[in-house]
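Here are my notes on the model you sent over. Have the structure open while you go through the points.

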Amino acid sequence: MKRSRINHIMQDAAEMIDRAGFRLPPFASWSPDEFRAKATPAIIDARLGWDITDYGQGDFTHLGLFLFTLRNGRLADLQAGRGMVYAEKLLISQENQISPMHTHVVKTEDIINRWGATLAIRLCGSDSEGRMDRNAPVRVDCDGVSREISAGGILRLEPGESVTLRPGDWHEFWAEGGPVLIGEVSTVNDDLTDNIFAAPIGRFATVEEDEAPTHLLVSDYKSDAA
């Protein structure tokens with residue numbers, strides 16, 4: 001992805017988040033130089049901040065996602081069963097923009113339609129070895145109500161509705177009828193190792209530096225740019 005397009009997506013996302021009545025934390029507005037001067041290890045190590053991906057496929061319009069990680073705990077705390085064992089993100093899915101089929105080994109997450117149009121989620125279960133089973137239904141909790149979704153079935157969430165997805169629940173999602181602002185509340189998030197995709201794709205975009213970044217991406221933190 002070109003850095004110029006990433007900058008434009010950030011601006012559009014910030015405007016949508018503002019229209020929805022949400023406010024991003026102070027570090028969201030930092031320039032790259034401010035980030036280098038102010039960012040603490042807690043921000044960098046938890047990979048808090050801006051995240052825009054086309055899954056390495058070069059077609060963000062049809063296969064992509066905007067994310068902003070607001071808070072994230074430590075895997076050591078999760079393993080100990082105490083401490084900061086949770087994470088929170090904001091996501092934006094554009095109309096008919098796919099976030100591709102994947103599951104998690106560790107993370108349990110609530111996916112919440114916070115604002116906008118309809119969020120569509122296609123679900124499949126796992127076989128005994130954790131691989132996607134296109135014939136396996138999925139039982140999920142939707143705002144305290146247990147529901148069984150047929151294999152490959154689509155769950156649609158309107159604003160205010162949510163679903164709890166557990167490890168082994170394979171899912172892909174997109175927006176219908178317009179963009180959707182999505183909340184994700186989960187156990188500790190590890191985007192480097194805990195995203196298992198059905199297809200051989202990457203989690204992060206390859207960035208072409210055609211202009212200076214407005215804000216750093218989380219994938220910039222360990223690079224020369226940070």
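**Notes on the predicted model**

1. Start with the inside. The largest nonpolar core has 30 residues, and Ile 52 and Phe 66 touch the most other members. Keep in mind that this is a predicted model. Elements giving two or more residues to this core are helix 1 (3–19), strand 1 (49–53), strand 2 (65–72) and strand 3 (86–93). Helix 1 contributes the most, with six residues.

2. Have a look around Ile 52. Beyond its neighbours within four places in sequence, Ile 52 is in contact with Met 1, Ile 6, Ile 9 and Met 10, and also with Phe 60, Leu 65, Phe 66, Ala 205 and Leu 217. As a rule, nonpolar side chains in soluble globular proteins tend to be buried together.

3. Now the fold as a whole. I count four helices and 12 strands in the chain. Of the contacts with a separation of 6 or more, 74% are between residues 24 or more positions apart.

4. What about overall dimensions? The radius of gyration is 17 Å, which agrees with the value near 17 Å for a compact globule of 226 residues. Along its principal axes, the C-alpha trace spans about 50 × 45 × 35 Å. Buried residues make up 47% of the 226.

5. The accessible surface comes to about 10700 Å², and carbon and sulfur atoms account for 49% of that. There are 23 positive and 35 negative side chains, with the centres of the two sets 3 Å apart.

Methods:
Residues numbered from 1 in each chain as written. Predicted model: local features only at pLDDT ≥ 70, side-chain atom pairs only at ≥ 80, totals over all residues. Heavy atoms only, no water. Rg over C-alpha atoms; globule rule 2.2 N^0.38 Å. Buried < 20%, exposed > 50% of the residue type's maximum accessible area, 1.4 Å probe, protein only. Contact = heavy atoms within 4.5 Å. Areas by Shrake-Rupley, 256 points an atom, 1.4 Å probe, with all protein chains shown as cover. Lys, Arg positive; Asp, Glu negative; His and termini not counted. Charge placed at Lys NZ, Arg CZ, Asp CG, Glu CD. Core = buried A, V, L, I, M, F, W, Y, C linked by side-chain atoms within 4.5 Å.
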